[in-house]
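Thanks for making time this morning. I would like to walk you through one model, starting with its strands and then turning to its rings and a charged residue.

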Amino acid sequence: MHTMDHTGGGLHMGVLPFDGMGLYEQPRPRLVFKMPRVVPDQKNKFENDELFRRLSRESEVKYTGYRDRPIEERQMRFQNGCREGHTEIAFAATGTNLQLVFGVATGNFTTGPRECDFDKEHGKVHLKSHLIMNGVCVTWRGWIDLERLDGVGCLEFDEDRATEEDAILRDQLERYNRRMHDMEEKHRVFRSGAGAGAGVGVGVGVQPPTHLNHHHHHQHHAAVAAAAAHHQAAAIAHHQHLNMAAANAGLENHLNHRQDPEMELRLRAF
C-alpha cells in the first residue's frame, strides 16, 4: 500500500492517496480489523492542527524527483510522470514531501480531466490530487513551472470525500462493535453451559451416559456366566467325587470278601 511517513520541521505526517490504491492492497484475513483511514472529526482537525494550518496557505513547492540527474532529464521525467498520473513535490517552507496521484492512475476513471492540465497556462502544468493526510481528506492544488520545476501549491479540506470516508468509518465501527458483541455473547453462552454441566455432574440419581450403561450390562452378563460355569464345574466335581467314593467302597468290599477265612473254608469244603 502506498503509505508514506514524512517528517518536516519536527512534525510527523502520514499520507494516503485517496483513490485507486485499493488495487494494490494485499488480501487480509477475514478476522483482522483494519485500521480506520480517517479520524472521527476531520474538519476540526484540519482547522486546528498546526501542520494543516501552515500547509493550507499557498506557498512555494518544488519537484523532488531525480535530484541527482541533469535538469533536462528531470524536466522530461517530470512531464512524463504527470502524464502517467503521478509526481513528487515538497513544500519548501516546511520540507513536507507529498506523492501526488491523479487522473487514471488513481483507478477512478470518472475523475475530471483537469486534474493534470498542461493547457491552462503556457509553460506550466496545473495539478489537483486527492489524498488522505494524517487521517483527514484533503486536496492539493497548485502549479509547477515546466522549466524551473518549482511553483505554488496548498492543501484544501475535501468536504465531499470527507463525508464519504465518514460513512465508511461509521460502518466499520458498527461492524466492529457487532462482531465484538457476538463474541461476548458466545463466551457468555459457553460459560453458562459449562456451569450447568458442572452442576449436573454432582447431582443425585443422575443416569450415567448410554455407553457406560451398555458397558455395565456386558459386565453383568459376564459375571453371571462365570458364576454358572463355576457352579456347573463344582457339581461335576462333586458327582465325580461320589462315583470315586462308590467305586472305592465296592473294591474294598471285594477285597474284604476275598480275605474272609470262613468263606475260604466253605469253598474248600465244597
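Predicted model: local features only at pLDDT ≥ 70, side-chain atom pairs only at ≥ 80, totals over all residues.

Let me begin with strand S7, residues 124-133, where nine of the 10 residues are buried, so the strand is largely enclosed by the rest of the structure. Buried here means under 20% relative accessible area, with exposed being over 50% and partly exposed in between, using a 1.4 Å probe and protein chains only. Strands, in turn, are DSSP runs of E with at least two residues, and helices are runs of H or I with at least four, numbered from the N terminus.

Residues are numbered from 1 along each chain as its sequence is written, and side-chain values use heavy atoms, with hydrogens and water left out.

What does S7 pair with? With strand S8, residues 136-145, S7 pairs in the antiparallel sense over 10 bridges, where pairing requires that DSSP finds at least two bridges between the strands. Lys124 stands opposite Asp145 in S8, and the two strands form a hairpin with two residues between them, Asn134 in the turn having a positive phi of about 50°. S7 also pairs with strand S6, residues 116-117, again in the antiparallel sense, over two bridges, and here Cys116 stands opposite Leu127.

Turning to the rings, a search of the whole structure finds three aromatic pairs, counted when ring centres of Phe, Tyr or Trp (its six-membered ring) lie within 6.5 Å, with planes under 30 degrees apart called stacked, over 60 edge-to-face and the rest tilted. Phe46 and Phe52 form a tilted pair, 5.4 Å centre to centre with 40° between the planes. Phe46 and Phe157 have ring centres 5.7 Å apart and planes at 40°, so that pair is tilted. Because Phe46 lies in helix H1 (residues 42-48) and Phe157 in strand S9 (residues 150-157), the pair ties together parts that are 111 residues apart in sequence.

Finally, Asp166, which is placed in helix H4, residues 159-201, is buried yet has no salt bridge, the nearest side chain of opposite charge, Arg170, being 5.2 Å away. A salt bridge would need a side-chain nitrogen of Lys or Arg within 4 Å of a carboxyl oxygen of Asp or Glu, and in counting charge Lys and Arg are positive, Asp and Glu negative, while His and the chain ends are not counted.
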